[in-house]
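Thanks for asking me to look this over.

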Amino acid sequence: MELCRSKTELRQLIAAWKREGLRIGFVPTMGALHEGHLSLMRAARQECDRIVVSIYVNPTQFDRKDDLDAYPHDPERDRDLLKTVSCDALFTINNEDMYPDDFSTWVIPEGSLVGGLCGKSRGSHFKGVTTIVTKLFNIVGAHKAFFGQKDYQQFAIIQRMVRDLDIPIEVASCPTVREADGLALSSRNQLLESTHRERSLAIAKSLAWATLSFRAGQKKASLILAEMVKRIEEAGAKVDYIEAVDCESLAPKETLDDQSVIAVAAFFGAVRLIDNHILKDDFPVQFP
Ligand code: AMP
């Protein structure tokens, strides 16, 4: 695995691969890697000749300094995990090189995709995401980039950005990987206190319950969402949002259908977890 610590180094490597006619797959991450990240790399491996992974904790997408400061790091373990999926190049970079002092150009998503969910509760989060993803796309120059469904709104915004700005890259969304008990994998899970770890299952359980209720005939979003709030609060969490939206436009839904996605964000202590499920799909874990 090549370790590239500068844009120039990475660009030279990619240019050489492209001269050989190789197809480049890209997986951007913030590190503290887990099976969710590795699943994206395996998907990239299926379709591409070379895989590039970036690990960069992007400060501009954090709306709370304590969240940025607490974000987990384990570079050695990350490198070991990358070898298990035969990653070809790891790109890391420091903040000074990514955002020079006089940095002044941003990519700002607008409209209905950013109006709700994390766009409402996390201020300029998506401006940070779209800016860093554009920069990474420009630096890497990959043919295809792979993202997780776990960050549902993030993928919708990136997909739209690629179309709107004519960025020459394909993007793909891959299924959410979960712990055996149902909790969606997240780098933040390791920050959960042990009592919260158990209780955090309320999120996945309530999504599974919502799916079953919908299948049993309940189409009224407000009733399902209210019950989900109750169940997640009973587990001791502070609900940030629970919304039902259309899976493409992300417009709020009053009447649920197969194209509805239910998205949740909730705090267990200081740790904010997100998860979602599209109602047309079976929930992948069954709860007693
Ligand atoms: P992050 O390091 O959290 O910024 O995530 C990097 C990429 O991994 C994003 O595309 C995420 O959507 C994806 N990802 C994070 N968690 C999961 C998961 N549990 N399953 C699938 N993809 C994930």
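The numbered points below go through helix packing, salt bridges, backbone angles and one histidine.

1. Ground rules. This is a predicted model, in which local features need pLDDT of at least 70 and side-chain atom pairs count only at pLDDT 80 or more, while totals for chains, interfaces and linings use all residues. Residues are numbered from 1 along each chain as its sequence is written, and side-chain values use heavy atoms, with hydrogens and water left out.

2. Helices H8 and H9. Two packed helices are described by the angle between their axes and the distance between the axes. Helix H8 (residues 125-140) and helix H9 (residues 152-164) have axes that come within 11 Å and cross at roughly 55°. That makes H8 oblique to H9. Here axes are lines fitted to C-alpha atoms, for helices over the stretch in contact, and angles run from 0 to 180 degrees between N-to-C directions. Angles under 35 degrees count as roughly parallel, over 145 as roughly antiparallel, 65 to 115 as roughly perpendicular and the rest as oblique. Helices (H or I, at least four residues) and strands (E, at least two) are DSSP runs, numbered from the N terminus.

3. What lies between H8 and H9. From H8, Phe126, Val129, Thr130, Val133, Thr134 and Phe137 meet Gln153, Gln154, Ile157, Ile158, Met161 and Val162 of H9 (contact means heavy atoms within 4.5 Å). Sorted by class, this contact has 8 nonpolar, 4 polar and no charged residues. For the classes, Ala, Val, Leu, Ile, Met, Phe, Trp, Tyr, Cys and Pro count as nonpolar, Asp, Glu, Lys and Arg as charged, and the others, Gly among them, as polar.

4. H8 also packs on H1. Helix H1 (residues 7-19) and H8 pack at an angle of about 50°, their axes 8 Å apart. That makes H1 oblique to H8. Lys7, Leu10, Arg11 and Ile14 of H1 meet Lys135, Asn138, Ile139 and Val140 of H8. By class, the contact of H1 with H8 has 4 nonpolar, 1 polar and 3 charged residues.

5. Helices H11 and H12. Helix H11 (residues 201-215) packs on helix H12 (residues 221-234) at an angle of about 155°, with the axes 10 Å apart. That makes H11 roughly antiparallel to H12. H11 contributes residues including Leu207, Trp209 and Phe214, and H12 contributes residues including Ile224, Met228 and Arg231. The residues of this contact divide into 9 nonpolar, 2 polar and 2 charged.

6. Salt bridges. Side chains of opposite charge can pair when their charged atoms come close. The structure holds 22 salt bridges (a side-chain nitrogen of Lys or Arg within 4 Å of a carboxyl oxygen of Asp or Glu). One of them joins Asp69 and Lys65, with the closest N and O atoms 2.7 Å apart. Both residues lie in helix H3 (residues 65-70), 4 residues apart, about one turn of the helix. Asp69 and Lys65 are both exposed (buried means under 20% relative accessible area, exposed over 50%, partly exposed in between, with a 1.4 Å probe and protein chains only).

7. Salt bridges elsewhere. Glu243 and Lys120 meet in a salt bridge at 3.8 Å, N to O. This pair links distant parts of the chain, with Glu243 in strand S7 (residues 238-246) and Lys120 in helix H7 (residues 117-121), 123 residues apart. Glu243 is buried at 14% relative accessible area, whereas Lys120 is exposed at 60%. Lys253 and Asp246 form another salt bridge, also with closest N and O atoms 3.8 Å apart, and both of these residues are buried.

8. Two phi angles to look at. Most residues other than glycine have a negative phi, and most peptide bonds are trans. Asp166 has a positive phi, near 50°, and lies in the loop between H9 and strand S6 (170-174). Leu250 also has a positive phi, near 65°, and sits in the loop between S7 and strand S8 (260-268). Is each buried or exposed? Asp166 counts as exposed at 65% relative accessibility, and Leu250 counts as buried at 6%.

9. Where is His277 placed? His277 is in strand S9 (residues 271-278) and is buried, with a relative accessible area of 7%. Not counting residues up to four places away in sequence, His277 touches Leu207, Thr211, Ser260, Val261, Ile262, Asp282, Phe283 and Pro284.
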